[in-house]
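Here are my notes for you, in numbered points. Have the structure open while you read them.

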Amino acid sequence: MTGLLDVQAAIASSGLPSLAALPDAIPDAGDWADLIGWAREERLIGMLAHAIAEGPLEVTLEQAKAVAHHHTEAMAWVLTLERILLGLAGRLEAQSIPHVVLKGPTVAHTVYPDPSMRCYGDIDLLVPGRDVDRTVALLEADGCRRPYPEIRPGFDRRFGKSVTLIRPDGVEVDLHRTLVAGRFGLSVGLDSLFRAARPLEIGGRRVPMLAPEERLLVACYNAALGDAVPRVMTLRDIAQMLLQSELDEGRVLSLAEAWGAQAVLARAIRLSWAALRLTSTTGLSEWSATYRPSRADQRALASYTTSRSATAQTLSALRMVPRVQDKVALITAVVVPNRGYLDRRGPDPKRYVNWWRRGIRSLARAVSRR
Amino acid sequence: VTSDGPSKVAVAGTWARRPEVLWRWVIDGVVLLLTDEDNPFVITGSGAVLWGLLDQPRSTTDVVAQLADLYGVDPAVVLRDIAPLLEELAARGGLERTL
């Protein structure tokens, strides 16, 4: 549960059938400051603007002006990101690097009645593992820098989830090899993502994006495994995709089964329905309510949620790595990272020894639990 | 546009949004990012309504008639008010004009 207040759930579910109710009266100054702060933090200012523009949320003229101001700022940022995205996609295309756009712009333009409802803050691109190093080098040549070096040589293209790069203008570009870290990321059918890609039209140009069913699963990975408390925006995306967009639910289930992600799918949909207090159901929401994950899946989920341990995630991932030398490489990367990687994480002079000891202790604990 | 207002010749033609323009609706208008410009800007009020009308190509006469009807204003007044915006948006690459 995300523990949303009723008014927060009502705004986050604006336009969807929900039990959450907006206040009858105009919010007082204190409540309003909290609400607008929360909406900005959760990137839900577009939903708040929608609730005001469509009428259900009554506010003062000053309150409406404040939302309009923040919404305009957010949209100006989104447009700037879209221009950068088009430039990046063109750059990758010119180098024959396959890529698909993930997250923000794809859901904004395809599943919401108006893309201005959906704010986002960075750019996410998926490239094949074999092209990760080349793409990072290309973007670094364009002035991007990575805040953290690679944990071990070859880790990014073999096991990594993504590489974060910061452009000279401060815009963050997340270059993904897969959709989620650890065990669940290693079982995604990555090649099929590129084969099933669809065109997304932005500013009269077409860039590749995931097919709708894969897009839903990306949102589910983020909601179920990403943050300790899922982003409300992601939960809304899931509900929006299931309730108000073209989606082949049978194909979603087939993909989830093939990727070993049924537990992720079920957890994400349950979280979404509970947080937004949704009243409508779909075949998938009913399925998620009754789905019971295996013990192995429960352990894997716990390594992302309750225990959130990188080591436990690595151990869980080892099952998905077929070759012995790759298993060794994965463990080595996590337990014995590059010194440069640790240097960027803090000034502790004993950091390398401490990292090693912590990794070994954690590994021993995790193994003894299995 | 002359000092007496827009000449009909100056704003004649059919207008359409250029597809490469990036834009979003906001509560009180529309945010635009034009191809050759660095910064987004906002148009509000009747300018935003005009942008909404141009979701399909429209002649000046059609645009003026629609706005005059919507606002209950003399078409000559509408023409005088929107002509500079049409010209400016076209000059900055936001609109395509076909004569």
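1. Chain A holds 19 helices and six strands; these are DSSP runs numbered from the N terminus, with helices (H or I) of at least four residues and strands (E) of at least two. Keep in mind that this is a predicted model, where local features need pLDDT of at least 70, side-chain atom pairs count only at pLDDT 80 or more, and totals for chains, interfaces and linings use all residues. Residues are numbered from 1 along each chain as its sequence is written, chains are lettered from A and ligands numbered from 1 in the order in which they are written, and side-chain values use heavy atoms, with hydrogens and water left out.

2. How much of chain A is buried? Of its 370 residues, 53% count as buried, meaning under 20% relative accessible area, while exposed is over 50% and partly exposed is in between (1.4 Å probe, protein chains only). In chain A, 69% of the contacts with a separation of 6 or more come from residues 24 or more positions apart; a contact is heavy atoms within 4.5 Å.

3. Take a look at A:Thr305, in the loop between α15 (295–304) and α16 (310–318) of chain A. Its side chain reaches the backbone oxygen of A:Leu301 at 2.9 Å. Leaving aside neighbours within four places in sequence, A:Thr305 touches A:Ala224 and A:Arg267.

4. Now for where the chains meet. Chain B brings 19 residues to the contact and chain A brings 24. About 1,500 Å² is buried between them, and carbon and sulfur atoms give 67% of that; buried area is the accessible area (1.4 Å probe) that two parts lose on being put together, summed over both. B:Leu22, B:Arg24 and B:Ile27 supply 50% of the area that chain B buries against chain A, more than any other three residues.

5. Which side chains form a salt bridge here? B:Arg24 and A:Glu82 do, at 2.5 Å, N to O; the rule asks for a side-chain nitrogen of Lys or Arg within 4 Å of a carboxyl oxygen of Asp or Glu. Across this interface the rule finds one salt bridge. On the side of chain B that touches chain A, β2 (22–26) and β3 (29–33) of chain B are the elements that give two or more residues, and β2(B) gives the most, with five.

6. Last stop: B:Val73, in the loop between α2 (60–71) and α3 (75–91) of chain B. B:Val73 counts as partly exposed because its relative accessibility is 31%.

Key:
A polar contact is a pair of N or O atoms within 3.5 Å; within protein, one must be able to donate a hydrogen and the other to accept it, and residues adjacent in sequence count only if both atoms are side-chain atoms.
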